[in-house]
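Reader: I have a new model on my screen and would like to talk through its side chains with you. Shall we go step by step?

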Amino acid sequence: MKKIIMTAALSACASLVFAQATVTSANIVGYNKDVSNPGLHMSGYQFLGDDTTPAGVFGDQLPIGTKISVFNGANYDNSTYEIYFDFGTFMNVTNWNPNTLDLGLAKGFWVENTGASVATAVLSGEVQVADSVTNEIVIGLQQLSYPYPVARNVLDLDFTPSIGDKISVYNGSNYDTSTYEIYFDFGTFMNVTNWNPSAIDIAVGQGFWYEAVSAQTWVANKPF
């Protein structure tokens, strides 16, 4: 997949396909089903795993030609599930190439299903049980996912935002975007500072964009 510049990622989204996800967990082990039609969706690996490369997270569950793209702050680092010649073994192998991306906790990433039919991947691992998870948010755009495998509203993500910060969630045809701003609340007839609109949810296993005006420390508190 061609590298996508940031402005295009937020505007040219008509071909993106939303991935529905469900989650089941017992004790500290959990999994979620990432189901998508052919095309792009933004995912997130919300478990603890020893191997957070594409091979460790997705294995051989997706069609040949599937691509994963991780935004690095300027463009994308990509990995493709493909058949290629391995100069280490001097054999053709089927694997993620290169298998060097880190899809670890709290990251979001694009998955492009280039096949002709719906693909399902089961993502599994240990459920995060720490009371909180801390990550650093940098100025500008970044792909994120909530570090616990639960659905969340934008009000419940535990960010410490600055005025003007934005959260963008792909809805199947474009983006639902919430901005942290001062606005008039017709329910209280007062000016309030909060995420607006607030009726935006992030599903289990779904990634999202965060656009930060200022750097912040994101401390996500365990919701269960």
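Reader: Which lysine meets the side chain of aspartate 131 in a salt bridge?

Author: Happy to start there, with a word on the source: this is a predicted model, in which local features need pLDDT of at least 70 and side-chain atom pairs count only at pLDDT 80 or more, while totals for chains, interfaces and linings use all residues. Residues are numbered from 1 along each chain as its sequence is written, and side-chain values use heavy atoms, with hydrogens and water left out. A salt bridge here is a side-chain nitrogen of Lys or Arg within 4 Å of a carboxyl oxygen of Asp or Glu. At 3.7 Å, N to O, the partner of aspartate 131 is lysine 222.

Reader: How many residues apart in sequence are the parts that this pair ties together?

Author: Aspartate 131 sits in the loop between β8 (119-126) and β9 (132-137), and lysine 222 in the segment after β17 (216-221). Strands are DSSP runs (E, at least two residues), numbered from the N terminus. The pair therefore ties together parts of the chain whose separation in sequence is 91 residues.

Reader: What is the N to O distance in the salt bridge of aspartate 102 and lysine 107?

Author: A search of the whole structure finds 2 salt bridges. In this one, aspartate 102 is partly exposed at 39%, and lysine 107 is partly exposed at 30%. Their side chains meet at an N to O distance of 3.4 Å.

Reader: Which residue's backbone oxygen lies 2.7 Å from a polar atom of the side chain of tyrosine 148?

Author: Tyrosine 148 lies in the loop between β10 (140-144) and β11 (152-153), and with a relative accessible area of 0% this residue is buried. Contact means heavy atoms within 4.5 Å; not counting residues up to four places away in sequence, tyrosine 148 touches several residues, including Asp131 and Lys222 of the salt bridge. A polar contact is a pair of N or O atoms within 3.5 Å; within protein, one must be able to donate a hydrogen and the other to accept it, and residues adjacent in sequence count only if both atoms are side-chain atoms. The backbone oxygen at 2.7 Å belongs to alanine 130.

Reader: Which residue's backbone oxygen does the side chain of asparagine 113 reach?

Author: Asparagine 113 lies in strand β7 and is buried, with a relative accessible area of 5%. Among the residues that asparagine 113 touches, not counting those up to four places away in sequence, are Pro38, Gly39 and Pro63. At 3.1 Å, its side chain reaches the backbone oxygen of serine 117.

Reader: Why does the pair of tryptophan 110 and tryptophan 209 count as edge-to-face?

Author: Rings of Phe, Tyr and Trp (its six-membered ring) pair if their centres lie within 6.5 Å; planes under 30 degrees apart count as stacked, over 60 as edge-to-face and the rest as tilted. The centres of these two rings are 6.4 Å apart, and the pair is edge-to-face because the angle between the planes is 65 degrees.

Reader: How many residues apart are those two tryptophans?

Author: Both tryptophan 110 and tryptophan 209 are buried. Tryptophan 110 is in strand β7 (residues 109-113) and tryptophan 209 in strand β16 (residues 208-212), so the pair links distant parts of the chain, with a separation of 99 residues.

Notes:
Helix = DSSP H or I, 4+ residues; strand = E, 2+ residues; numbered from the N terminus. Buried < 20%, exposed > 50% of the residue type's maximum accessible area, 1.4 Å probe, protein only.
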